[in-house]
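This report walks through a single protein model for someone meeting it for the first time. Please keep the sequence and the structure in view while reading.

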Amino acid sequence: MYDFPSNEWAQAYKDAINANPEYKVHGKDWTHGVVAFVVKADPALRIEHDTALWLDVHGGECREVKLMTAEEAQAAAFVIVAPYAMWKTIIKREIDPIKAMMQNKVKLTKGHMPTIVRYVNSSRQLVESTSRVPTKFRDE
């Protein structure tokens, strides 16, 4: 079990994405840059500062996933921000991430929304890959 978020979880997520044949298909046309997922600070969950997962995906492959500060993540082409509880529901596949974005539960703070929407199947496969990571949530 990997603590979410952590460097160990990030590495397991990278491996899960690269082991997902559907992501290779649906993500093959993604050449739009890095996507950063920011988890809002929540001291009760030992997340002292806004923390980001840097997701370097390109052409159906995940080149790197790493943990960093939200400030560092601003270098990504796309930055998506949500509280811990929302990321948890996405990882558990209880809500579709694009739908959550449209409902303003998840905020695209940097990047081009129409580009994200065009890659809905790619996004779904990224979420599908999270379900293959044995995850320990901090509030459970």
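## Helix H1

H1 has 12 residues, which at 1.5 Å a residue should span 16 Å, and its end C-alpha atoms are 17 Å apart, which agrees; the expected span of a helix is taken as 1.5 Å times one less than its number of residues. Helices (H or I, at least four residues) and strands (E, at least two) are DSSP runs, numbered from the N terminus.

Within H1, the residues Trp9, Ala10, Ala12, Tyr13, Ala16 and Ile17 are buried, where buried means under 20% relative accessible area, exposed means over 50%, and partly exposed lies in between, using a 1.4 Å probe and protein chains only. These residues cover an arc of only 165° around the axis, which puts them on the same side of H1; the arc is that of the directions from the helix axis to the C-beta atoms.

## Basis and confidence

This is a predicted model, in which local features need pLDDT of at least 70 and side-chain atom pairs count only at pLDDT 80 or more, while totals for chains, interfaces and linings use all residues. Residues are numbered from 1 along each chain as its sequence is written, and side-chain values use heavy atoms, with hydrogens and water left out.

The pLDDT is the predictor's confidence in each residue, from 0 to 100. The protein chain has a mean pLDDT of 96, and 100% of its residues reach 70 or more; confidence is lowest in H5, at a mean of 88, and highest in H1, at 98.

## The cavity

The structure holds 1 cavity of 30 Å³ or more, and about 350 Å³ of space lies in the largest cavity. On a 1 Å grid over the protein atoms alone, a cavity is a set of points where a 1.4 Å probe fits but cannot get out, and lining residues have an atom within 4 Å of a point. Grid points are joined across faces, edges and corners, and a volume is the space filled by probe spheres set on the points.

The lining of the largest cavity has 25 residues, of which Phe37, Ile80, Pro97, Ser123 and Leu126 are the closest to its centre. Among the elements that give two or more residues to this lining are helix H1 (7–18), strand S3 (51–58) and helix H4 (84–91), while H7 gives the most, with 5 residues. By class, the lining has 22 nonpolar, 3 polar and no charged residues; Ala, Val, Leu, Ile, Met, Phe, Trp, Tyr, Cys and Pro count as nonpolar, Asp, Glu, Lys and Arg as charged, and the others, Gly among them, as polar.

## H4 and arginine 93

H4 is mostly covered, with 6 of its 8 residues buried, and these are Tyr84, Met86, Trp87, Lys88, Ile90 and Ile91. Arginine 93 sits in the loop between H4 and H5, where it has a positive phi of about 60° although it is not a glycine, and it is partly exposed, with a relative accessible area of 48%.

## Other local features

Leucine 53, in strand S3, is buried, with a relative accessible area of 5%. The C-alpha atoms of leucine 53 and methionine 68 are separated by 6.4 Å, although these residues are 15 residues apart along the chain.

A cis peptide bond, with omega about -5°, joins phenylalanine 4 and proline 5, and proline 5 belongs to the loop between strand S1 (2–4) and H1.

Technical notes
1 Å grid on protein atoms, 1.4 Å probe; cavity = no way out; pocket = protein on both sides within 12 Å on 5 of 7 lines; lining within 4 Å.
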